[in-house]
Amino acid sequence: MYANRKSQVLRQSPGLISKTDRPGPSYLTQLNAIVNQKEEPELYRALAAEPGDHAHHKVILETLDRLFDGLDQPSQEKLRDYIVNSHGMAIGNNIRNLVNMPGEIHQGGIHSWARDQGYEIDAKHNPKGLALDILEAATVPDVNYRMHVADKYMTEAVPAMNHKINQLLTDHYSNQKRFADANVLDKYNKLKAGAGVRSDSPGTSRERVLHINSGGGDVSIGEDVLRSNGKNGNGKNGNGNGKY
């Protein structure tokens with residue numbers, strides 16, 4: 001029988017279920033553990049969810065989890081460790097696998113696009129591409145074969161989805177700008193070009209990486225987690241309780 005969400009989170013990211021298996025609360029718990037809101041309020045605000053945000057799994061939780069179906073505990077651990085160590089990527093509810101994004105570009109944006117590309121398994125759609133490969137691999141008990149299919153997903157689907165996420169976020173925050181007329185827009189563009197500054201939207205400044213000492217060693221957070229996207233000046237955070 002296909003695993004429920006709690007089981008999916010537990011076998012992909014053991015130890016990252018606190019009060020709930022939802023990604024938003026899990027993200028917030030981890031953020032609070034590595035960034036002191038009082039000591040670093042601007043950093044915290046840049047990383048925290050905004051009102052209306054959903055926490056999205058960049059490596060889609062339910063799709064990847066099909067590769068764990070039917071495996072015994074040692075084989076599940078072998079598969080998980082292989083994916084994480086071979087590709088240097090987090091999975092499950094690990095904060096590095098979660099990105100906060102507005103709800104309107106979540107289900108109807110990245111998830112819709114991923115299904116169309118064959119990167120996501122959904123019961124309401126006929127599987128194709130890598131999603132179909134994963135479903136077929138789930139019927140093969142050999143964990144080594146499943147590792148092979150995981151390699152394809154992590155090297156083909158995940159980078160493509162990350163690129164699409166950056167594109168959706170950049171477009172979303174660019175479209176939120178409001179200008180009284182064309183002259184204002186022109187002045188804004190000239191000011192940006194003249195100052196040589198980047199737009200304050202996700203998907204830019206890809207070289208940004210934070211190294212934060214969490215008390216148990218340094219934690220690295222890449223630009224894909226950072227959210228310098230024009231948050232409200234009052235620093236209020238959303239609940240980040242969105243699906244997937």
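# Exercises on a predicted model

In this model, R11, D65 and D69 are linked in a network of salt bridges, a salt bridge being a side-chain nitrogen of Lys or Arg within 4 Å of a carboxyl oxygen of Asp or Glu. The model is predicted, so that local features need pLDDT of at least 70 and side-chain atom pairs count only at pLDDT 80 or more, while totals for chains, interfaces and linings use all residues. Residues are numbered from 1 along each chain as its sequence is written, and side-chain values use heavy atoms, with hydrogens and water left out.

## Exercise 1: salt bridges

Work out which parts of the chain the salt bridge between R11 and D69 ties together, and whether R11 and D69 are buried or exposed.

Step 1. The closest N and O atoms of R11 and D69 are 2.8 Å apart. R11 lies in helix α1 (residues 5-12) and D69 in the loop between α4 (61-65) and α5 (73-87), so the pair ties together parts that are 58 residues apart in sequence. Helices (H or I, at least four residues) and strands (E, at least two) are DSSP runs, numbered from the N terminus.

Step 2. Both R11 and D69 are buried, where buried means under 20% relative accessible area, exposed over 50%, and partly exposed in between (1.4 Å probe, protein chains only).

Step 3. For a second case, take R45 and E42, whose side chains meet in a salt bridge at 2.8 Å, N to O. R45 and E42 both lie in helix α3 (residues 41-47), 3 residues apart, about one turn of the helix. E42 counts as exposed because its relative accessibility is 53%.

Step 4. A further salt bridge, at 3.8 Å from N to O, joins D81 and R80. D81 is partly exposed, with a relative accessible area of 39%, whereas R80 is buried at 14%. By the rule given above, the count comes to 6 salt bridges.

## Exercise 2: the faces of helix α5

Find out which residues of α5 are buried, and against which helices they pack.

Step 1. Begin with the length of the helix. The expected span of a helix is 1.5 Å times one less than its number of residues, so the 15 residues of α5 should span 21 Å, and the end C-alpha atoms of α5 are 21 Å apart, which agrees.

Step 2. The buried residues in α5 are S75, Q76, L79, R80 and I83. They lie on the same side of α5 because they cover an arc of only 135° around the axis, the arc being that of the directions from the helix axis to the C-beta atoms.

Step 3. The face of α5 turned away from its buried side carries the exposed residues P74 and N85. The buried residues of α5 pack against α1, α4 and α8 (143-175), and contact here means heavy atoms within 4.5 Å. Just after α5, G88 takes a positive phi of about 60°.

## Exercise 3: a pair of strands

Determine how strands β1 and β2 run, and which residues cover the two faces of β2.

Step 1. Strand β1 (residues 53-57) and β2 run antiparallel and are joined by 5 bridges; two strands pair if DSSP finds at least two bridges between them. D53 stands opposite P102 in β2, and A55 stands opposite N100 in β2.

Step 2. In β2 (residues 98-102), 5 of its 5 residues are buried. L98, N100 and P102 are on one side and V99 and M101 on the other, and both faces are covered. In a regular strand the side chains alternate between the two faces of the sheet. In β1, 4 of its 5 residues are buried.
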